[in-house]
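Dear colleague,

Please find below the structure that I am handing over to you, followed by an account of what was found in it. I would be grateful if you read the account with the structure open beside you.

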Amino acid sequence: MEYIVEPTGGEVPDAPCGLNACGLNGCLINVICGAKACGLYGCLIDACPVLIAP
Amino acid sequence: MKASSYNVILPLDAEQAYLAFNCASCGLAVLNADTAPIFQALLEGNLLDVKTPANLVEEMRRGAFLIDDEIDEVARLEAIHWASRFQTNTLSLTIAPTLACNLRCLYCYEQDVRRGGRMSAETEQQIVDFCQANDRTLRHLSVVWYGGEPLLAKGIILHLARRFREMMDRREGTYTSSMVSNGYLLDRATALELREHGVEFVQVTLDGPPAVHDSRRPRVGGRGSFETILHNLTEIVDLLRVVIRVNVDQTNQEMVPGLLDILEAEGLKHKLGIYFAQLEAYEASHKAVAKRCFSDQSFSRVETQLYQLALERGWQIGKYPQPMATYCGATRLNAFVIDPWGNLYKCWNTIGDERRRVGHVSQVVTLNAEHVRWLVTSPFKYETCRRCPILPICMGGCPYNTLVENVENVPRCERWRYNLRDILMLRYEMSRKQRQGQTAVNPVQPASLSR
């Protein structure tokens, strides 16, 4: 089993901007958060320091 | 342990291998022929019947393919959903310093509200006061500069940006910003100013090669805008992160290759991102373009084809599902759209629409009827959504569609419902190409703003 896109850790992450990543359908997280992007697919989830615990 | 309800398993052509995806974690893994049957057995709970490779169970748990028995995935998602919507450490503002625009896009949904005038100094101050009055827990202020064309009011942007930055510095918080611009005024000097004032990202729309783009997005006087915008892009891509949005409908889908030709010829392929957006006919004057729009299902196919094309030409594909707590900021307590007169709205699509106004920056935010409508709509009210296998990556879809477009006020499914599997396969192909060195890693990943 080899991940080609790493899982987010099983949690639904939140971003410093307060919005969440929704890919390419109108969400702002990718562009306004200012955190470092994970680099592979444009989202900041992997780098996001703000995770909401379940 | 038990299997997640959000697993998606796809067969690959080669050697009985599979792709495994989980909508809650959005991890995507390749299972080879040896691992795939064991993976499946573990999902089915046959833990004792198979010889499990080292770390496989751990890896499956990491990707949320396997979860603890006591976890109620829907309840957990719902808890995260509501907690996220009412957090107050972040204030997200979309600010239109003017609704005036130097283009006359044929599909503009602001046609009924577009007018001259710019934000007054009084309203500027009210916005700053509005931010300062925000909850003491505020740690981050994010702003999207919007319009109209925001660069028609550049001075207001730069002035407000300085105030925002000072305010957040005093709070030892952070301030970030981005912009939706048509790109016509976005020359290098302007980009430098924007960067110095905290703008990190800009979205610019190109709808095809010059003739196509100019027929859809002409200047006020009817002349074209493409050449100037393209020139500007070549001048600024080293200063700002840029993503090109292509609004696609039945009349320009065939023109995308021509646009890619031009961008590639300008050496922009690895310097900016691109994504394809479904042209939609919103209410009022925007309905005039309805007949040229794709249905969700049709566009899902077109979208996949366009990303396939881009991938084949060596572009990076940014399209990939993400887990989300809410679809967007419109349903969050601490997110507002502000028009040039200080009126507050929840959704970009409703700017200037008096019926959708939820308040004013000069006043305390109240829970009036319109505001409450946005704050309580939720996919968890609908059994169809609660049982949906892609709920974590859809979250009921666009709330504007639910609350405004759909007369029955029920959610409209995201396109993932139709093309998730295809997009996952494209992601796999992109990963394979990267490993083979056929695709450069693009420093600018496509992200999107609305519009």
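**Salt bridges and burial**

At 12% relative accessibility, B:Asp353 counts as buried; buried means under 20% relative accessible area, exposed means over 50%, and partly exposed lies in between (1.4 Å probe, protein chains only). Please note that this is a predicted model, in which local features need pLDDT of at least 70 and side-chain atom pairs count only at pLDDT 80 or more, while totals for chains, interfaces and linings use all residues. Residues are numbered from 1 along each chain as its sequence is written, chains are lettered from A and ligands numbered from 1 in the order in which they are written, and side-chain values use heavy atoms, with hydrogens and water left out.

The partner of B:Asp353 is B:Arg356, and the two form a salt bridge whose closest N and O atoms are 4.0 Å apart. The term salt bridge denotes a side-chain nitrogen of Lys or Arg within 4 Å of a carboxyl oxygen of Asp or Glu. B:Arg356 also counts as buried, at 12% relative accessibility.

Over all chains, a search of the whole structure finds 22 salt bridges. One of them joins B:Arg61 to B:Asp68, with 2.9 Å between the closest N and O atoms. B:Arg61 is partly exposed at 35% relative accessibility, and B:Asp68 is partly exposed with a relative accessible area of 26%.

A further salt bridge is formed by the side chains of B:Glu264 and B:Arg313 (3.0 Å, N to O). This pair links distant parts of the chain, 49 residues apart: B:Glu264 lies in helix H9 (residues 256-265) of chain B, and B:Arg313 lies in the loop between H10 and strand S12 (335-338) of chain B. Helices (H or I, at least four residues) and strands (E, at least two) are DSSP runs, numbered from the N terminus. B:Glu264 is partly exposed at 24% relative accessibility, as is B:Arg313 at 21%.

Which residues are linked in a network of salt bridges? They are B:Asp207, B:Arg216, B:Asp249 and B:Arg292.

**Helix packing**

H9(B) and H10(B) pack with their axes 11 Å apart, at an angle of about 30°. Axes are lines fitted to C-alpha atoms, for helices over the stretch in contact, and angles run from 0 to 180 degrees between N-to-C directions. The two helices H9(B) and H10(B) are therefore roughly parallel to each other; angles under 35 degrees count as roughly parallel, over 145 as roughly antiparallel, 65 to 115 as roughly perpendicular and the rest as oblique. In H9(B), B:Val256, B:Pro257 and B:Leu260 meet B:Leu306, B:Leu309 and B:Ala310 of H10(B), where contact means heavy atoms within 4.5 Å.

Helix H10 (residues 296-312) of chain B is also paired with helix H15 (residues 416-435) of chain B: their axes come within 10 Å and cross at roughly 5°. H10(B) and H15(B) are therefore roughly parallel to each other.

**A buried threonine**

B:Thr35 has its place in helix H1 (residues 35-43) of chain B. With a relative accessible area of 9%, B:Thr35 is buried. Not counting residues up to four places away in sequence, B:Thr35 touches A:Met1 and B:Leu56.

With kind regards
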